[in-house]
Amino acid sequence: MLDASPAASGWSDQCWTLSRIVEIVRRRFGVEYTLAGLDLLLHRIGWSVQVPSRRATERDEAKIAAWKDEQWPVVKRGRRTWAPGSASRTRPARA
């Protein structure tokens, strides 16, 4: 049933969602699944989430590459500490 389009099952668009598949399973087989349970079942039989890759038409690859080269190292840099620290809240580091 999933190989057919969602339109064949009565929905107007071409997008399968977990809630729609739960409804199809309930109608066809009379079995109720939670979304998480159905997700697990679908993964076991080889189905996976498919998300279309969408790119903005205004996307400027040159600007993105420049930002990654110039700004990302600054953002990624580790935090500077002014004194020795400790991860423990109950036993702080001694100076």
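Helices (H or I, at least four residues) are DSSP runs, numbered from the N terminus. The model is predicted: local features need pLDDT of at least 70 and side-chain atom pairs count only at pLDDT 80 or more, whereas totals for chains, interfaces and linings use all residues. Residues are numbered from 1 along each chain as its sequence is written, and side-chain values use heavy atoms, with hydrogens and water left out.

**View A. The largest pocket has a volume of about 380 Å³.** A pocket is an open set of points on a 1 Å grid over the protein atoms alone, where a 1.4 Å probe fits, with protein on both sides within 12 Å along at least five of seven lines; lining residues have an atom within 4 Å of a point. Volume is the space filled by probe spheres set on the points, which are joined across faces, edges and corners. Of the 16 lining residues, Trp16, Ile21, Ser48, Val49 and Gln50 lie nearest the centre. Helix H1 (18-29) and H2 each supply at least two lining residues, and H2 gives the most, with three.

**View B. The second largest pocket has a volume of about 270 Å³.** Its lining comprises 15 residues, with Leu2, Ile21, Val25, Phe29 and Leu42 nearest the centre. H1 provides the largest share of this lining, five residues.

**View C. Phe29, Val31, Tyr33, Leu41, Ile45 and Trp47 make a nonpolar surface patch of about 550 Å².** Patches are made of residues with over 30% relative accessible area and no salt bridge; nonpolar side chains (Val, Leu, Ile, Met, Phe, Trp, Tyr) are joined within 5 Å, and like charges within 9 Å. Accessible areas come from the Shrake-Rupley method with a 1.4 Å probe, and for residues only the protein chains shown count as cover. Trp47 is found in the loop between helix H2 (35-44) and helix H3 (61-70). With a relative accessible area of 35%, Trp47 is partly exposed, a class between buried (under 20%) and exposed (over 50%) (1.4 Å probe, protein chains only).

**View D. Glu23 forms a salt bridge with Arg26 in helix H1.** A salt bridge is a side-chain nitrogen of Lys or Arg within 4 Å of a carboxyl oxygen of Asp or Glu. The closest N and O atoms of Glu23 and Arg26 are 2.5 Å apart. Glu23 also meets Arg27 in a salt bridge (3.3 Å, N to O).

**View E. Arg59 and Glu61 meet in a salt bridge (2.6 Å, N to O).** Arg59 is partly exposed at 37% relative accessible area, as is Glu61 at 46%.
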